[in-house]
Each structure stands twice: as structure tokens, then as C-alpha cells.
Amino acid sequence: MPPNAQSAPFDFIRETVAADVAAGRYGGKVVTRFPPEPNGYLHIGHAKALGIDFGVAADFGGRCHLRMDDTNPAREEAEYVEAIKEDVRWLGWDWGEHLYFASDYFGKMIEHAERLIEDGRAYVDDLTADQIREHRGTLTAPGRESPWRNRSVAENRELFRRMRAGEFPDGSRVLRARIDMAHPNLNMRDPVMYRILHMPHHRSGDAWCVYPSYDWAHGLEDSIEGVTHSLCDLDFENHRPLYDWFLDQLGVHHPRQIEFARLNISYTVLSKRRLMRLIEEGRVTGWDDPRLPTLRGLRRRGYTPASIRRFCAEIGITKTNSLTDVALLEHGLREELNLTAPRAMAVLDPVRLVIENYPADREEELDAVNNPEDPAAGTRKVPFCRELYIEREDFREDPPKKFFRLAPGREVRLRYAYLVTCTGVVKDPATGAVRELRCTYDPATRGGDAPDGRKVKSTLHWVSARHAWAAPVRLYDRLFTVERPDETATDFMDALNPASLEERVAQAEPGLRGAAPGARFQFERKGYFVADHADSAPGAPVFNRIVPLRDTWARIERAGQAD
RNA sequence: UGCCCGAUGGUGUAAUGGUAGCACAACUGACUCUGGAUCAGUUUGUCUAGGUUCGAAUCCUGGUCGGGCAGCCA
């Protein structure tokens, strides 16, 4: 059952599937598949497809297969197979027993191809790749038939046998379907079914030297597995007539192909080619760089599987090319983490604050709430002493109008601690930079409340200088500075955000030292962070900023309303 | 000058001949020991011209605009 069956309307795919089920087509069964080519890592665009493939199957009580579409040994590697399985599992999808490989069907595909040859619907062509292209015609002009198009069945049968036997070099001949060289859809102009490739395959080894092309293979893969609904992206819309033609010729089980628009997200790129370039040119550290929209990147960044699945459900399914605002992804993540992430205090850009009337040798522990959204999360103790760190940006010597934070003579609250009043600023005589802030505290305000009921306009986070530890943090920002890097006039690499990664050493509260890899926190007033699972060591976590908190002050300042 | 597909606020979508709704974003205000969260509210939309109809985002026709297609990639 759809989780939101009452409120949410069916998308056009579910409507079609529902109609097929109601009509008893395919015996009322629903079988889908997710068919990645194992030649790269999955990204959030695949997460959308995964959500559709597995989601539709689940909604109709059917099943979804995970199928490696490994028909091209030149591009694929076993390494990716495991990575893909891991990423799909991480997202929370379960293919059960149904893990398949297109390469396992090579034998059956050959048998089907031989039938087409016998029926006069396929022929061996001796033309070169260039000649085939030339014969194909253009978008507006019909193609020309190959001189080899009318070979006898016997000759085709024999030539194809010899192709498979390895008697011909790569590229010397292909097997083509015999359809219509004048067809208005170029995909129907005698498409290539098999090419010769003397190359070992990651699974079938040296068993084959001819490999099937996508159009020939894909429908058969679906058919063999009993898939009922073959869901794919818009790129394959023009291929559907061919998908249907092959299956009709063979008279085998014939799934229905339905296309939907692929995902695009602002401020990033999702094409395998472009992701590859970012990695190869060293602009990011690898497939799991936290700035990348790869599933591995998002995982390392700290995104939760639930937030990604939620996002994929929220964006809907249509045939319209669109660009989804990355803010929607971030919003879902914040919504989840606000409820679940324990709070902690860490100062990202520390400046020393000395409380002049607090005894130098005194220390105390104050109670801090772990998660105001979740009482069950309890409280913790945070140490306090005469010398603290606060954020440099939380002090202004000459505060603009709407700046509520610390300034000379102004009183603010230190979260869960005391009200303090700024009494002085110590500056570097040479540069004028603020070196240290001097304050006094009101002992009667322990815990943060004033007995006389007086209010302060601001509450700051802080850490005890004596107890804090130096925590490496990475502040990630969007990888590109423009919404559509793909459409950069010159090269998308020119739109890279030079500040997509800022590494800092924060001063963090002691408890954070024990953060387990993968543990997520809200650093109060700053954002959500995760202990990096690759670079953290026991007792020495490294934090990645997942997403900053909504920052109203920054917006006011940016709008120039501060003065 | 071929074939296929698409067009609803800034963005993503819903409405399946009957009040154009939701989410994000933006903006107001309230509240707040996170300028977070929460709460209340505001702004912004059916590409166009005809037609059918009591009634059209929806159906029909023409146009406009946008996307895709000429791998022995998938």
C-alpha cells in the first residue's frame, strides 16, 4: 500500500500501472527493475530512479530486481558492482533474491538473435562504423541500405557463427536488425545488435567476443526476468519503438516501457562524465567527496538515507524537464536532524573571552539540554571557567542597528551559563584585530536566567578554554556558484565555487571528543555536523558540516538592512 | 527543415470537465535560553489564438517556446 494512499495522488506512472493491474494485464502482477551499468558510482539521480522502481513495486505488492546492465566489457568493472549494491542497500532498498546480471543472459540472447536471422530480420553487415553512420542518413533525410543487407539467411547464419567464433577482428562486422532505413525514427534504421569485441568481461571472462548493444539487450533482459513495467528516463523515449519491435518479432513476454524525466538539482552536476572530470582533475578528492551528489558523497557529508528518500518522494514524477532547488533536499535534512540530532557547542572561529570577576581557579559544571525537541534525550554537563571562547562574529565593537549580540557595555546570555556584560576589548596593537574580550558576569544568573526577570536580546554558544579541544572541521558549501553549471557559457568547471571547502580547527566541548564515526550533531547556532567515517580516529573525530542552520541574521546583513 | 516529448507562482508539483491546492523559497509579525525550531499571515501561476461546453489548466485545432534523437555507449 502506498504510505500516503489517501492524501497523495498517483503519479502518471502509478496510474498506468494501476490501470494495468485493474485490467488484469500481466496477470495483475507488478515487477520492476533498477538496471545500473556497473561503470561508475550511483548519485542522487539514481536515488530518484530507485525510489520509483522500488517504490512502485512496493506500492503494488510486486518486486523490484537489481540488475547489473553489464553488456559492455570495455567500460565495466566488478568493483562497481559491490559499490552499487552497497549504496542501494544504504538507501534502504531491498532486492531480496533478485540480483541479476545481463551478462548471464548472453546465451539466450544469441539464440534469439539466431531466430531473427532465420526469419530474415537480422543480417551481418561488413560496413565500417563510419560507413554505417554515413548510410544512416540524417534527421531529415532517409538512410541508404547497406550492400550487405540482402544476404541469404544461410550466409548470415554462417557469418554470425564465425563472428562468435572469433574469426573476425574488432569492428569488422556487426549484426544488425533489418527494419527500415527510411524510418523517421533513426533508432529504427537497422540498429546494431552485436559488435565484435575481443575483450574479457568482468563476469563471463573470455566466453564471448560479440557483445549485445543496449537496444537489443535491454528488452530481452526485462522479458527474461518477467518484468512488467520497465521504468526509465526520457532518453529512452525514442528507443521505445525499437524495444517494442524486438519483443514483438520474438513473440516473447513484453513489458511496458514508461519514461520519466531525470532529476536535476541546482548548484551541482549529475552526469557521470562531469563527475568523473571533477575527480580526474582533482577538483574533489574522489567519488566520496562530501561535496559530490554521489550517494557515497552524500553519505560522507552526513545526509541520512531517510532524507534522500523523502526528497525523492517529494519531487514527484513527470515528463517535464526541470531543475529542483537543492534547498528542498536541505530542508528535509534539517527537518529530520532538528528532531534527532543531539546538540553540542563548538566555536568555529574562536576569540577569547575573559570573565574578570570569575575566580581564576574556579570551575563548575552546568547543565545543558541535549535536544530541546526531544525531552528523552536528557541533559549533559558542560564545564565552565574564567576563560572561554566565543565566535568572533558574535562580537561587534560598533554594532549595527539590528545586531543583538555582544558589544561594549552590552549584556548577553551565555547559553546554559550566565549573563555577561562586555567591559572591554583587547586588540592587537599592530593590526587592530580583536585579541580578547573582557566581561563581567552576574553570579545570580547561573543557568542563564536573571532572578530580577531582566531580558537579554541574545544568547551565545561558548566553550571553556581550559576544557575545550581542537576539533578539525570542514565547512562544506555548494560545489558551484551558479544554479545550472551545465549551462556555463565556457566550461562548467569555470563555475566551481572556490570556497566549497573551508577547513578549520574549532574549539569544541569535551563531550564531542567521543563522537563515533557517523554520529550527527547540531552545533548550536551553527549547523549540523557529522563525524567523518573516513578520517575520524578513536577519540579524535573530524567533523563535516552537513548543512548550516537557517541564518536570519546573515540574511539581514546581506540585504544591507543592518545599518 | 524529419520524428518523439513537454509547457500550472521564483522552484518542484496537484487538480483526470465543476472554488487553481500543496511543498520549498521569499517576505511580515508573534514567540523563543539556538537570529534555530514553532506559530500566524502575505506576495507570486494555468505559454498563445481560436473552438467544443452551462462551465476548460483539463477536450479539439493552429501557433509559440523548450527538450531529446544521426555510438559498433547505456
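The structure holds two cavities of 30 Å³ or more. A cavity is a set of points, on a 1 Å grid over the protein atoms alone, where a 1.4 Å probe fits but cannot get out. Grid points are joined across faces, edges and corners, and a volume is the space filled by probe spheres set on the points. This is a predicted model, in which local features need pLDDT of at least 70 and side-chain atom pairs count only at pLDDT 80 or more, while totals for chains, interfaces and linings use all residues. Residues are numbered from 1 along each chain as its sequence is written, chains are lettered from A and ligands numbered from 1 in the order in which they are written, and side-chain values use heavy atoms, with hydrogens and water left out.

**Cavities**

- Rolling a probe the size of a water molecule over the atoms shows where empty space is left.
- The largest cavity has a volume of about 50 Å³. Its lining residues (those with an atom within 4 Å of a point) are Tyr214, Asp215, Phe236, His239, Leu242, Tyr243 and Gln257.
- Helix H7 (214-225) and helix H8 (240-250) each supply at least two residues of the lining of the largest cavity. Helices (H or I, at least four residues) and strands (E, at least two) are DSSP runs, numbered from the N terminus.
- By class, the lining of the largest cavity has four nonpolar, two polar and one charged residues. Ala, Val, Leu, Ile, Met, Phe, Trp, Tyr, Cys and Pro count as nonpolar, Asp, Glu, Lys and Arg as charged, and the others, Gly among them, as polar.
- The second largest cavity contains about 30 Å³ of space. Its lining consists of Met345, Val382, Pro383, Trp462, Val463, Ser464, Glu509 and Pro510.
- Strand S14 (379-385) and strand S20 (463-464) each give at least two residues to the lining of the second largest cavity. That lining divides into six nonpolar, one polar and one charged residues.

**Strands and sheets**

- Strands of a sheet pair through backbone hydrogen bonds, either parallel or antiparallel. Two strands count as paired if DSSP finds at least two bridges between them.
- In strand S8 (residues 229-233), five of five residues are buried. Buried means under 20% relative accessible area, exposed over 50%, and partly exposed in between (1.4 Å probe, protein chains only).
- In a regular strand the side chains alternate between the two faces of the sheet.
- On one side of S8 are His229, Leu231 and Asp233, on the other Ser230 and Cys232, and all are buried.
- S8 pairs with strand S9 (residues 256-260) in the parallel sense over five bridges. Serine 230 has glutamine 257 in S9 as its bridge partner.
- Strand S1 (residues 31-34) has Val31 and Arg33 pointing one way and Thr32 and Phe34 the other way, and all are buried. Four bridges join S1 to strand S2 (residues 63-68), and the two run parallel. Arginine 63 in S2 stands opposite valine 31.
- An open sheet is formed by seven strands in the order S19-S16-S17-S18-S12-S15-S20, with mixed pairing. Its edge strands, S19 (459-460) and S20, each pair on one side only.
- Strand S16 (residues 411-414) and S19 pair in the parallel sense over two bridges, with leucine 414 opposite leucine 460 in S19.

**Two single residues**

- Glutamate 259 is found in strand S9, and it counts as buried because its relative accessibility is 2%.
- The side chain of glutamate 259 makes a polar contact with the side chain of arginine 240 (2.6 Å) and another with the side chain of glutamine 257 (3.0 Å). A polar contact is a pair of N or O atoms within 3.5 Å; within protein, one must be able to donate a hydrogen and the other to accept it, and residues adjacent in sequence count only if both atoms are side-chain atoms.
- Proline 498 lies in the loop between strand S21 (469-476) and strand S22 (501-508). Proline 498 counts as exposed because its relative accessibility is 78%.

**Surface near RNA strand B**

- Of the 67 residues around RNA strand B, Glu15, Arg343, Arg405, Gly447 and Thr552 come nearest. A residue is near a molecule or strand if one of its heavy atoms lies within 4 Å of it.
- H12 (326-340) is among the elements that supply at least two residues of this surface, and H12 gives the most, with five residues.
- A phosphate oxygen of RNA strand B is 2.7 Å from an N or O atom in the side chain of arginine 525.

Terms used
On a 1 Å grid over the protein atoms alone, a cavity is a set of points where a 1.4 Å probe fits but cannot get out, and a pocket is an open set with protein on both sides within 12 Å along at least five of seven lines; lining residues have an atom within 4 Å of a point.
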